[in-house]
Amino acid sequence: IFDALNIIKQSKVKPSYLIYENVKNLVGKKFKKSFDTILEALSELGYKNYWKVLDSQDFGVPQHRKRVIIVSIRNDIDQTFEFPEGNSSDIKSINSIMIPGEDYTKYLYHEPDIKKYITKTKSNLVKKFIIKRLKQSSDKLIYDTSGISPTLRTSCKAHFHDSKHNLRRYLTPKEKVAIQGFSQEFKWPVSKTQQLKMLGNTVSI
């Protein structure tokens with residue numbers, strides 16, 4: 001954000017509108033000072049600012065994704081902004097965005113082989129640490145496709161009980177596209193690996 005602010009500061013023509021998104025913790029106690037600094041910098045650059053924490057699930061996307069959104073409008077523009085109200089009573093499920101005919105066998109979940117995580121050592125401490133780490137990892141969290149997805153990240157290991165097909169599996173790339181609000185026709189001019197990383201960092205639409 002500060003690199004972007006520096007670019008705007010040096011620009012001869014400043015953008016009419018700005019949109020900034022980040023994790024909700026930015027407005028929490030630990031990072032509130034940094035958040036206030038961002039708002040102050042935007043104001044000094046000549047923008048009036050509006051911000052709110054929104055959750056994707058309240059806007060027709062089957063994903064729990066809380067993010068702070070800042071909308072900034074240049075001061076010389078006679079316009080204000082009001083965030084839309086989400087509808088928490090009309091939340092979609094993952095089942096509702098499944099792609100007909102998708103081959104789910106490529107994405108089945110398999111219990112990790114604990115042996116491959118244990119190094120060649122006799123130390124019980126190493127074994128206890130690795131077993132504990134596996135138990136605490138997101139790999140152990142199981143969600144149901146009749147509900148919503150947890151926050152999609154660049155390396156999401158959460159897996160699901162597919163209640164439609166009675167399978168235990170990961171989300172498919174097409175489902176990850178859908179739970180961020182993109183259509184299947186959207187063009188991704190990058191590799192599949194880069195696409196999944198971008199989906200974990202993008203803004204739900």
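Me: Two strands count as paired if DSSP finds at least two bridges between them. In this predicted model, over how many bridges do strand S5 (residues 159-162) and S6 pair?

Reply: Strands S5 and S6 belong to an open sheet of 3 strands. Within the pair, Phe-160 stands opposite Arg-169 in S6. The two strands pair in the antiparallel sense, and the number of bridges is 3.

Me: Which strands stand at the edges of the sheet that has mixed pairing?

Reply: The order in this open sheet is S4-S5-S6, with mixed pairing. An edge strand here has a single partner, so one side of it is left without a neighbour in the sheet. Neighbouring strands are turned by 30° against each other on average, direction ignored. The strands at the edges are S4 (142-144) and S6 (167-169).

Me: Is Thr-145 buried or exposed?

Reply: Thr-145 is placed in the loop between S4 and S5. Residues up to four places away in sequence left aside, Thr-145 touches Ser-93, Ile-94, Asn-95, Met-98, Phe-160, His-161, Asp-162, Ser-163 and Lys-164. The cut-off for a buried residue is under 20% relative accessible area. Because its relative accessibility is 0%, Thr-145 counts as buried.

Me: What is the strand order of the open sheet with antiparallel pairing?

Reply: S1 and S2 stand at the edges of this sheet, each with a single partner strand, so one side of each lacks a neighbour there. Strand S1 (residues 17-23) is joined to S3 by 7 bridges, and strand S2 (residues 47-55) is joined to S3 by 9 bridges. The order of the 3 strands is therefore S1-S3-S2.

Me: How many of the 9 residues of strand S3 (residues 66-74) are buried?

Reply: S3 has S1 and S2 as its partners in the sheet order S1-S3-S2. Helix H2 (residues 32-44) lies across S1, S2 and S3, and its direction is at about 145° to S2. S3 is largely enclosed by the rest of the structure, because the number of its residues that are buried is 8.

Me: Which residues of helix H5 (residues 192-201) are buried?

Reply: An α-helix has 3.6 residues a turn, so residues three or four places apart point the same way. In H5, the face turned away from the buried side carries the exposed residues Thr-193 and Asn-201. Cover over the buried residues of H5 includes helix H4 (173-178). Those buried residues are Gln-195, Leu-199 and Gly-200.

Me: Within what arc do the buried residues of H5 fall, seen down its axis?

Reply: The residues in question are Gln-195, Leu-199 and Gly-200. They line one face of H5, because their directions seen down the axis fall within an arc of 140°.

Me: Of what kind is the aromatic pair formed by Phe-81 and Phe-83?

Reply: The structure holds 8 aromatic pairs. The ring centres of Phe-81 and Phe-83 lie 4.9 Å apart and their planes stand at 90°. Planes over 60 degrees apart meet the cut-off for this kind of pair. The pair is therefore edge-to-face.

Me: Which residues does Phe-2 contact, leaving aside its neighbours within four places in sequence?

Reply: Phe-2 is placed in helix H1 (residues 2-10) and is partly exposed, with a relative accessible area of 47%. The C-alpha atoms of Phe-2 and Thr-37 are separated by 9.9 Å, at 35 residues apart along the chain. The residues in contact with Phe-2 are Thr-37 and Ile-38.

Me: What percentage of the 205 residues of the protein count as buried?

Reply: The protein has 5 helices and 6 strands, in the pattern α-β-α-β-β-α-β-β-β-α-α along the sequence. Its accessible surface comes to about 13400 Å², of which 54% belongs to carbon and sulfur atoms. Among contacts between residues at least 6 apart in sequence, 60% join residues at least 24 apart. The buried share of the residues is 34%.

Note on methods: Residues numbered from 1 in each chain as written. Predicted model: local features only at pLDDT ≥ 70, side-chain atom pairs only at ≥ 80, totals over all residues. Heavy atoms only, no water. Buried < 20%, exposed > 50% of the residue type's maximum accessible area, 1.4 Å probe, protein only. Helix = DSSP H or I, 4+ residues; strand = E, 2+ residues; numbered from the N terminus. Arc of directions from axis to C-beta. Contact = heavy atoms within 4.5 Å. Axes fitted to C-alpha atoms, helices over the stretch in contact; angles between N-to-C directions. Phe/Tyr/Trp six-rings, centres within 6.5 Å; stacked < 30°, edge-to-face > 60°. Areas by Shrake-Rupley, 256 points an atom, 1.4 Å probe, with all protein chains shown as cover.
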